[in-house]
Amino acid sequence: MNPFSSGTRLRDMIRAIRASKTAAEERAVVRKECAAIRASISENNNEYRHRDLAKLMFIHMLGYPTHFGQMECLKLIASPGFPEKRIGYLGLMLLLDERQEVLMLVTNSIKQDLNHTNQYIVGLALCALGNISSAEMARDLAPEVERLLQFRDPNIRKKAALCSIRIIKKVPDLAENFINATAVLLKEKHHGVLITGVQLCTDICTISPEALEYFRKKHTDGIVRVLKDVANSPYSPEYDVSGITDPFLQIRLLKLLRVLGDGDTDASDSMNDILAQVATKTETNKNSGNAILYECVGTIMAVEDNGGLRVLAINILGRFLSNRDNNFRYVALNMLMRALAVDSQAVQRHRATILECVKDADASIRKRALELVYVLANESNVQTLTKELTDYLEVSDPEFRGDLSAKICSMVEKFSPDKIWYIDQMLKVLSEAGNYVKDEVWYSLVVVITNAPNLHGYSVRSLYKALQTAGEQETLVRVAVWCIGEYGDMLVNNTGVLDIEEPIMVSESDAVDAVEIAIKGHSLDPSTKAMCLIALLKLSSRFPSSSSRINEIIAQYKGSLVLELQQRAIEFNSIIQNHQNIRSTLVERMPALDEASYSGRKTGSVPAAASTSQGTSLNLPNGVAKATSPPLVDLLDLSADDVSTPNLSGGDPLHDLLGIDLSPASLQSGTNQAQKSGTDVLLDLLSIGTPAAQNSPSMPDMLSPTLDKQNTADVLDILSSPSAPSTQIPSAGSSSTMDLLDSFAPSSSKPDGNGPAFPSIIAFESNTLKVTFNFSKQQGDPQTIVIEAHFSNKSSNVYTDFIFQAAVPKFLQLHLEPASSNTLPASGNESITQKLRVTNSQHGKKSLVMRVRIGYKVNNKDVLEQGQISNFPHGL
Amino acid sequence: MGIRFILMVNKQGQTRLAQYYEYMNLEERRALEGEIVRKCLARNEQQCSFVEHRTYKIVYRRYASLFFMVGVDNEENELAILEFIHLLVETMDRHFGNVCELDIMFHLEKAHFMLEEMVMNGCIVETSKANILSPIQLMDKASS
């Protein structure tokens, strides 16, 4: 039979796959085929081996696992016939990779084939080696490849040359062995050998400094001559690409010249003529000619300075830039970026054209152009560039605004002549694209504002005005609200009016209105609202007459389902009502924020992540704690004196504050469903929790002496957490209370007297995972225990393919029910539950013991955790 | 090493040929192919043939219903890669006679053999169509 006709079965398979209407159908076809191939493999049928492999290649291309065919490749490679070897090597290159041990096994076959008498087989082996060789293989087979560089057939020499590239990249010390052979290749006439030889030479030169020195001194002229010959050669049909002889070879030669000329005046001088010739004489009507020109420009930019050539090169780029074909404009922008390092003045001349490219309809061109504009910016042109870009921001594509605004902000920050201009520009960006800018941008704006005392009034008034027109831009709202909170009095009293300002009249209630509108905005996220609450607290002190109105607004958030907001509202409400005497000290203006901790990133192009933690608390990622933390610290210090509980630890006044409003009345007055159920839970906890605490030594927070306070705080968590699963759960104690909630909520709905209650245990806990067991028993069946296992994820990564396995001694019988899910979301947001039914045949004599193994994938990596559980409650 | 991978994808976004010159596991490949195909297929004729994605630059060209996409690194000459794609298509044309998607599907191994003669380890081996095709024709002759 003919091994190369794909065979009807391959065609059938492809047809069946093509006929599949859904992904599921396709999967079914592939599964069936894979099964057939496996069967055929196990029968060890030589007839079908190549066909099986051809099918596997197709299946592999579709993205299905095909590892089981790997050994088949090896068998085919080891078989004597060329067609089998052909497909075997192809399979090897497609299905395998250098990381697999299978490669070790193939080294010997490759070695034999490299020495084969049939040159096509030698070619196959070289090709495979060149594509997949590992460092060990490279070391083992380098002598063979070296020898083949002198093989009589040019088709072998060219492959050996590329194979050598792989070898010296894998094992750089071998590079020197190839220098002489490479020098010979450069004198070849065969284009295939020449192009591969030139590539080999380029790579050797980049790897080995000695080789670079050698080729520079001895071969630069030769390479120049080769390029001259190719560029001037008459029409040769085999290598002609729209009127140009072998542009691929010319481009490779130019690349090599770049390496040789870079940093060496002599070598650069000797190539000037040919570069000038290529730059002027190459046909520019077709893509192939322009590809050479483009490469030539790159080489001119890289080699040592020759003024005339550089002008020529920049002019070529200018022509590309004004070309109607977007491909040429793209590469021109790309190259101008490199030219900038060499001759920035010449690039500046094209600034207007480049700026136009930022507004192009093509995203690739826009991106290149924007990056170029960004590096073109300097003190003298930043104002015009910024104006152009911010004007464009208004009409740009939404998905481009993020990048664009980031670059504008970074430019402004780097080169702004004065603070007022900086503030103005940032305000413009925030008003236009406030929803797209990164957090660092507005952080640093706040830093700058706090450090410019003479501009406080101006800033807050400008922000107030901007807020009226662009209230939907989140980051603008944040900065505005923050400034109104800090400098609200300046807004109302028109303090520090600058000459350039238009005077505005803002009353105290207008200022409060602005913040109230912001906090009631539906689209804003909770951290913005939290900032609004702080601003309100600050305003209540700045504007004593509006204090009661502000208190009303704040009080509305005491029932907020977001913990952060609720806590703040409750605290602030209490400060306004009960702590008038300390309020003004609490909400004093923020001190100027530390600019130094931000200055570091001014050297970087993009604002670096604000991660410095010293100095200000401004760097906190959610931006909420930013303004609060210092007052909060104050609050704790002060109240420790004030509340006359001198021995309280830092956290307790907080509980106290919470405790004030946690009277049953206030809970019941809330119409909110969550609060109601929360109250029940509270009762549940108190009634059930107490006996549980007696039995269970493994429940630290239940046993802790501050039981009441802990519970109240925790219940607060519970109240808010159902609606806002993303808010952090402050203490470990509270999370176990969460579990209690889980376990008691269902059990409370069952009829009473359902068998004795057992406390839950933490069956297993590691840094990444926690498993709790809840127990129940059916009445009248003391031997059988139903365990409800809850798994929660303590890391910030999602676990997939989660599997729980358990093993028990012989006297126990274990039955596992299916888990609720096999994916475990990050940070304990949700948990997986799984029921286990354990029958203890030695009930009363022996207690439960269990080994568990938990497997899952994090970022596609397998993780296995295991442990033994022996802390089952007594009497279970 | 210039060329990182070569993809042929039809206009429904189905991969018809994939050759990688650096190791990537199946999931990464699928994800990468999906992302690239979405990006390239969304672009119109007037836009340039280059798309930047992750650390790659994708040079692509459409021939009838088939997209040829070549992933390269930053050092590579984009215009030359466009020319290379054209050479690849011309070579396939010469062998199959007006190559179409089905030719590549049903003769996947031949398409790979051709690629093998043209590119090795991400570098161009041969640019002459006759030289590329001669071993393949020889094989055809031997097996017929």
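Author: Start with one term. A residue is buried when its relative accessible area is under 20%, exposed when over 50%, and partly exposed in between (1.4 Å probe, protein chains only). This is a predicted model, in which local features need pLDDT of at least 70, side-chain atom pairs count only at pLDDT 80 or more, and totals for chains, interfaces and linings use all residues. Residues are numbered from 1 along each chain as its sequence is written, chains are lettered from A and ligands numbered from 1 in the order in which they are written, and side-chain values use heavy atoms, with hydrogens and water left out.

Reader: How many of the residues of chain B count as buried?

Author: Chain B has 144 residues, and 67% of them count as buried.

Reader: Which elements does chain B have?

Author: Helices (H or I, at least four residues) and strands (E, at least two) are DSSP runs, numbered from the N terminus. Chain B has five helices and seven strands. From the N terminus on, their order is β-β-α-β-β-β-α-α-α-β-β-α.

Reader: How do I read the interface of chain A and chain B?

Author: Begin with area. The size of an interface is often given as the accessible area lost when the parts come together. Buried area is that loss (1.4 Å probe), summed over both parts. Between chain A and chain B, about 5800 Å² is buried. Carbon and sulfur atoms give 54% of this area.

Next, count contacts, meaning heavy atoms within 4.5 Å. Here 69 residues of chain A are in contact with 56 residues of chain B.

Reader: Which charged pairs join the two chains?

Author: Side chains of opposite charge can pair when their charged atoms come close. A salt bridge is a side-chain nitrogen of Lys or Arg within 4 Å of a carboxyl oxygen of Asp or Glu. The rule finds seven salt bridges across the interface of chain A and chain B. Among them is Lys367(A) with Glu52(B), at 3.0 Å from N to O.

Arg43(B) and Asp362(A) also meet in a salt bridge, at 2.8 Å from N to O. Arg43(B) lies in the loop between helix 1 (26-41) and strand 3 (50-53) of chain B, and Asp362(A) in the loop between helix 19 (351-358) and helix 20 (363-376) of chain A, so the pair joins two chains. Both Arg43(B) and Asp362(A) are buried.

Reader: Where do Arg461(A) and Glu501(A) lie?

Author: First, the pair itself. Arg461(A) forms a salt bridge with Glu501(A), with the closest N and O atoms 2.6 Å apart. Arg461(A) is in helix 25 (residues 456-469) of chain A, while Glu501(A) is in the loop between helix 26 (474-493) and helix 27 (508-520). The two are 40 residues apart, so the pair links distant parts of the chain. Arg461(A) and Glu501(A) are both buried.

Now take Arg478(A) and Glu474(A), whose salt bridge spans 3.8 Å from N to O. Both lie in helix 26 of chain A, four residues apart, about one turn of the helix.

Reader: Is Ser268(A) buried or exposed?

Author: Ser268(A) is buried, with a relative accessible area of 2%. This residue lies in helix 14 (residues 265-281) of chain A. Leaving aside neighbours within four places in sequence, Ser268(A) is in contact with Gly261(A), Val303(A) and Glu304(A).

Compare Thr833(A), in strand 8 (residues 831-840) of chain A. Thr833(A) is partly exposed, with a relative accessible area of 24%. Not counting residues up to four places away in sequence, Thr833(A) touches Ala789(A), His790(A), Ala819(A) and Ser820(A).

Note on methods
Buried area = accessible area lost by both parts, 1.4 Å probe.
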